[in-house]
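Reader: Hey, I've just opened this one and could use a quick tour. Can we go through it together?

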Amino acid sequence: MGRSKDSDHFRIPASVRPEAEEIIKLTDEFCAAHLDAEYGELCLKLVAELARKRPSPLLRGDLRIWAGAVIYTIGSVNFLFDRTQRPHMTADQ
């Protein structure tokens, strides 16, 4: 999706950029397969925000877990787990 350009736009520091871009790749793939582009953009913004924290928490832990946590967080605040909303998923999915 050309996210390295987005990395600059969202001011992701170079020191954490490889980790952030891997997380963004994972969230983009999931959102494209199961959600929509808007969720992908929201996930990117959250990853960029976490990347700018000093020190960035993204430098610790499994990047797949970070990707899942980002999607879960964005889903929670956007009623993804409410079956009356579209798109809809269960928390287990």
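Predicted model: local features only at pLDDT ≥ 70, side-chain atom pairs only at ≥ 80, totals over all residues.

Reader: OK, switching to the fold. How many helices and strands are there?

Author: The protein has 4 helices and 0 strands. Starting at the N terminus, the order reads α-α-α-α.

Reader: And what share of the contacts with a separation of 6 or more comes from residues 24 or more positions apart?

Author: Those pairs account for 62% of them.

Reader: Let's look at α2 and α4. At what angle do they pack?

Author: Helix α2 covers residues 17-34 and helix α4 covers residues 63-77; they pack at about 55 degrees, and their axes are 9 Å apart.

Reader: Why do α2 and α4 count as oblique to each other?

Author: Roughly parallel would need an angle under 35 degrees, and roughly perpendicular starts at 65. The angle here is about 55 degrees, so α2 and α4 are oblique.

Reader: Which hand does the crossing have?

Author: α2 passes α4 in a right-handed crossing.

Reader: Which residues make that contact?

Author: From α2, you have Glu-19, Glu-22, Ile-23, Leu-26, Thr-27 and Phe-30. From α4, the partners are Leu-63, Arg-64, Trp-66, Ala-67, Val-70 and Ile-71.

Reader: How do they divide into nonpolar, polar and charged?

Author: In the contact of α2 with α4, 8 are nonpolar, 1 is polar and 3 are charged.

Definitions and conventions: Residues numbered from 1 in each chain as written. Heavy atoms only, no water. Helix = DSSP H or I, 4+ residues; strand = E, 2+ residues; numbered from the N terminus. Contact = heavy atoms within 4.5 Å. Axes fitted to C-alpha atoms, helices over the stretch in contact; angles between N-to-C directions. Parallel < 35°, antiparallel > 145°, perpendicular 65-115°, else oblique. Left-handed = near helix turned anticlockwise from the far one by under 90°. Nonpolar A, V, L, I, M, F, W, Y, C, P; charged D, E, K, R; others polar.
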